[in-house]
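Here is a friendly briefing to read alongside the model.

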Amino acid sequence: MTARIAGNDYRSLTPPALGSWTPSLRVSVVVPAYGDQEKLDLALAGLAVQTYPAALTEVVVVDNGSSPPLRLPALCPEDTRLIVCPVPGRAHARNAGLAAVTGDVIHWLDSDVVLDRRSVEAHMRWHHAAPYLVVTGYLRFTPAGLPAPEVVAAADDLAKLFEPAEPHAWLVDLVERTDGLTANPHRAFSLHVGGATSVNAALLAVAGPMDTDLILGQDTEMGYRLAQAGAVFVPEPLSRAFHLGPTMRMRDKAPIDRVSHAFVADRIPSYRWLRSHPARQWKVPYVEVVVEPAGRPGKGYTYDEVRATVDAVLAGTLPDVAVTLTGPWDRVGAEGRAPLKNPDLDLVLIRGHYAHEPRVRFADEVSATSAVPALPSGRPDGSAAPGPAWAVPYRLRLPAGWVPGEDTLARLLDLARDEGYGLVSVLLAEDDDAAGGDGGAAGTVGTVGAVSGRTVVRARLERAAAFARAAIVLEEGEDLDDAVDDTFGVIWVDGETYGFAPEAGVLTGRRGAYRARAEAAAEVARLTKEAERLREQVAKWRDEAGRWRRSTVELRREVGTLRRELAAARKVVQYGLLSSVRRAITRRR
């Protein structure tokens with residue numbers, strides 16, 4: 001039984017301790033080199049004294065056009081070959097070495113990297129635990145002078161020769177920030193660096209060789225494809241190595257990032273920050289929407305249904321999308337004499353309507369496993385399809401006639417990405433007669449199935465990496481969705497809640513959206529101006545109220561003064577009257 005790893009949590013594996021196990025897998029070390037014979041000699045000296053069995057190790061050095069040509073030194077592993085790749089470029093050299101090796105595991109090694117004697121063994125113990133791993137060792141960058149190869153081979157601890165040295169800072173930071181790459185699996189593929197990384201050969205065969213069209217960033221791009229093929233990425237601190245001198249990135253990080261990002265943006269959809277343009281298309285889209293026939297109650301695969309679905313997808317808030325229409329396109333032909341009587345008229349209309357839409361492709365069927373290249377290599381007009389479609393990270397299977405809302409696709413992708421789900425099943429309809437076609441088990445790939453005795457219509461958002469991993473660990477007789485649930489997780493959601501509708505709505509075009517934004521901006525400006533006017537009016541009223549309050553205080557003071565004067569006057573009057581009365585009484589006496 002193949003070990004199952006959830007997400008990128010390789011901690012569920014228990015590799016054997018160094019020196020306490022018996023290996024069986026063969027490792028092929030590929031060393032691309034250009035010049036620097038002295039550094040290559042040290043790298044081969046380090047390989048010559050590895051604790052991993054020499055009988056299970058082969059080394060292929062690829063001379064990438066050095067002048068003078070490179071040679072194999074006396075101190076190197078027993079099974080070491082030197083081949084020549086005259087085409088310049090590290091990717092070409094890597095691919096030439098890859099084509100020449102036969103091992104179960106491929107170990108990339110730069111020609112200026114010297115491995116600790118236990119390094120290869122530290123890698124290989126992981127590969128014996130699971131067949132879909134990518135393991136990276138820890139590099140340190142040393143400015144030390146170069147010792148003799150014999151000194152390297154005799155050293156029990158390379159630190160005595162090459163320290164002090166700098167760590168591979170960004171790798172250490174990435175591993176620490178993500179709890180060893182287990183907390184944030186979306187960026188785990190960045191661990192694939194060529195200095196000292198090993199990859200299962202079968203996994204690499206699925207992912208494909210290095211992209212020779214790239215100027216820089218080939219390691220990261222290959223790491224991304226390995227992730228889509230189901231890889232788990234493991235940082236191995238027991239695998240230590242010293243890089244002889246600083247890397248090019250350490251010397252010129254900003255210009256290197258500038259060049260690298262210009263190319264990898266087209267190929268790595270996961271780098272969302274590099275795809276900030278609101279409308280443009282990319283070589284590898286973020287999501288592929290597969291529109292399949294059937295799924296509407298009592299209806300088939302009609303032009304109107306397909307158009308409603310596809311147009312809504314293309315008009316959504318996520319432009320980074322490609323659409324695949326499945327159907328018997330090879331049998332479709334035009335009927336010149338009586339086109340309205342053509343039994344395949346709807347298929348003719350569908351193909352004709354989208355023949356020149358670059359985001360729409362046509363296929364007879366789409367594989368159940370997203371990691372298997374399944375999309376057609378061309379379009380109906382014979383032009384090439386835009387890029388390696390199987391490397392698309394997400395696939396939405398959607399029955400024709402069901403229409404996503406403007407932000408539906410983006411919301412589903414947010415759910416899948418943020419929560420790490422391998423499959424999001426969307427319940428569109430549930431009824432005894434909802435299928436309109438053959439049913440099937442709920443866990444099958446189609447969009448029509450049966451759950452608890454009731455027929456359901458559903459959409460399925462599939463993560464490519466999850467289905468690739470599930471295909472690797474799948475046991476005989478097991479449902480693929482169950483394996484996805486074990487490794488990444490599965491969730492059901494309600495279609496209406498996420499904006500799916502059984503009929504087309506009014507689409508907002510770009511100009512309409514622009515006018516709506518312009519009108520909204522004008523309304524905001526008007527309301528802002530009105531708010532400012534009201535603020536000024538309120539301020540005026542506050543000033544007026546302040547004046548009134550001050551006047552009230554003054555009036556109260558005046559009234560108080562008058563009251564006191566009036567009371568004094570009353571006392572005077574009363575006193576005067578009393579005196580007059582007394583005088584009058586006195587006179588009468």
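The notes below start with the whole chain and then turn to single features.

This is a predicted model, in which local features need pLDDT of at least 70, side-chain atom pairs count only at pLDDT 80 or more, and totals for chains, interfaces and linings use all residues. Residues are numbered from 1 along each chain as its sequence is written, and side-chain values use heavy atoms, leaving out hydrogens and water.

**Whole chain**
- The chain has 16 helices and 17 strands (DSSP runs, H or I of at least four residues for helices and E of at least two for strands, numbered from the N terminus).
- Of its 589 residues, 47% count as buried (buried is under 20% relative accessible area, exposed over 50%, partly exposed in between, with a 1.4 Å probe and protein chains only).
- Among contacts (heavy atoms within 4.5 Å) between residues at least 6 apart in sequence, 75% join residues at least 24 apart.
- About 28,800 Å² of the chain is accessible surface, and 54% of that belongs to carbon and sulfur atoms (Shrake-Rupley method, 1.4 Å probe).

**Salt bridges**
- The count comes to 33 salt bridges (a side-chain nitrogen of Lys or Arg within 4 Å of a carboxyl oxygen of Asp or Glu).
- Arg267 and Asp211 pair at 2.7 Å, N to O. Arg267 sits in helix H10 and Asp211 in the loop between helices H7 and H8, so this bridge ties together parts that are 56 residues apart in sequence. Both Arg267 and Asp211 are buried.
- Arg272 bridges to Asp320, with the closest N and O atoms 3.0 Å apart. Arg272 is partly exposed, because its relative accessible area is 27%, while Asp320 is buried at 4%.
- Asp481 and Arg460 meet at 2.8 Å, N to O. Asp481 belongs to helix H15 and Arg460 to strand S16, so the pair links parts that are 21 residues apart in sequence. Salt bridges that share partners join Glu292, Arg397, Arg460, Glu462 and Asp481 into one network.

**A covered helix**
- Helix H3 (residues 119-127) is mostly covered, with 9 of its 9 residues buried. Among them are Glu121, Arg125 and Trp126.

**A negative patch**
- Glu406, Asp407, Asp414, Asp418 and Glu419 form a negative surface patch (residues with over 30% relative accessible area and no salt bridge, like charges joined within 9 Å).
- Asp407 lies in the loop between strand S13 and helix H13, and counts as partly exposed at 37% relative accessibility.

Terms used. Patch = residues over 30% accessible without salt bridge, like charges linked within 9 Å, V, L, I, M, F, W, Y side chains within 5 Å. Lys, Arg positive; Asp, Glu negative; His and termini not counted. Charge placed at Lys NZ, Arg CZ, Asp CG, Glu CD.
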